[in-house]
Amino acid sequence: QVQLVESGGGLVRAGGSLRLSCAASGGTFRSSHMGWFRQTPGLERELVAAIRVSGFTYYADSVKGRFTISRDNAKNTVYLQMSSLKPEDTATYYCALSPRLASPINEYDYWGQGTQVTVSS
């Protein structure tokens, strides 16, 4: 059974930085696509960034140039480096994994429990 555990969330002032980590276990991380989503109450979960097995990366327009997704296959971990944070980045951030190589970039089968990021103005 795949398990994903996020860490690194917290409270930060606008303009600050945070790095989220997601450690995966129970699956084949190296051959899985990974994504970071975020959600605020009353809104749909939004794909923020994704990194494919090939290393291809995707970013939502709202975070381009500020967030960087990366993966360390030796550590079974995916990261989301967030810089120049804005109050509108406040959300619960979720890590997600898809072991299906042909899956669309916004479809995932396993989810972490989420980590809260709060950006104060």
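# A walk through an all-strand chain

Start with the whole chain in view: of the contacts (heavy atoms within 4.5 Å) between residues at least 6 apart in sequence, 58% join residues at least 24 apart. Before you click further, know that this is a predicted model, where local features need pLDDT of at least 70, side-chain atom pairs count only at pLDDT 80 or more, and totals for chains, interfaces and linings use all residues. Residues are numbered from 1 along each chain as its sequence is written, and side-chain values use heavy atoms, with hydrogens and water left out.

**Stop 1: the whole chain**

Switch to cartoon view and you'll find zero helices and 11 strands. Helices (H or I, at least four residues) and strands (E, at least two) are DSSP runs, numbered from the N terminus. The radius of gyration, taken over C-alpha atoms, is 13 Å, close to the 14 Å that the globule rule gives for 121 residues, so the chain is as compact as a globular protein of that length. That rule is 2.2 Å times the number of residues to the power 0.38. Draw a box along the principal axes and the C-alpha atoms fill roughly 40 × 30 × 25 Å.

Now try a surface view. The chain exposes about 6100 Å², and carbon and sulfur atoms supply 49% of that; the areas come from the Shrake-Rupley method with a 1.4 Å probe, and for residues only the protein chains shown count as cover. Buried residues make up 44% of the 121. Buried means under 20% relative accessible area, exposed over 50%, and partly exposed in between (1.4 Å probe, protein chains only).

**Stop 2: a four-stranded sheet**

Select β1, β3, β7 and β8. They form an open sheet in the order β1-β3-β8-β7, with antiparallel pairing. Two strands pair if DSSP finds at least two bridges between them. The edge strands are β1 (3–7) and β7, each pairing on one side only. From one strand to the next, the twist averages 15°, using lines fitted to C-alpha atoms as axes (for helices, over the stretch in contact) and angles from 0 to 180 degrees between N-to-C directions.

Go across the sheet pair by pair:

- β1 and β3 are joined by five bridges; look for V5 opposite A23 and E6 opposite C22.
- β3 and β8 are joined by six bridges, with R19 standing opposite Q81.
- β7 and β8 also run antiparallel, with six bridges, and here I69 stands opposite L80.

**Stop 3: the cores**

In soluble globular proteins, nonpolar side chains tend to be buried together. A nonpolar core here is a set of buried Ala, Val, Leu, Ile, Met, Phe, Trp, Tyr and Cys residues joined through side-chain atoms within 4.5 Å. Select W36, V78, L80, M82 and Y93: of the 28 residues in the largest core, these touch the most other members. Strands that each supply at least two residues of this core include β4 (33–39), β5 (46–51) and β9 (91–98). There's also a second, separate core of five residues, and F37, L47, A50 and Y108 are among them.

Next, centre on Y93. Leaving aside neighbours within four places in sequence, its contacts include E6, L20, W36, F37, L80, M82 and V117.

**Stop 4**

Most residues other than glycine have a negative phi, and most peptide bonds are trans. Which way does N76 go? N76 has a positive phi of about 55° although it is not a glycine. You'll find N76 in the loop between β7 and β8, where at 29% relative accessibility it counts as partly exposed. Skipping neighbours within four places in sequence, N76 is in contact with C22, A23, A24 and F29.

Finish at S84, in the loop between β8 and β9. S84 has a positive phi of about 50° and is not a glycine either. At 43% relative accessibility, S84 counts as partly exposed.
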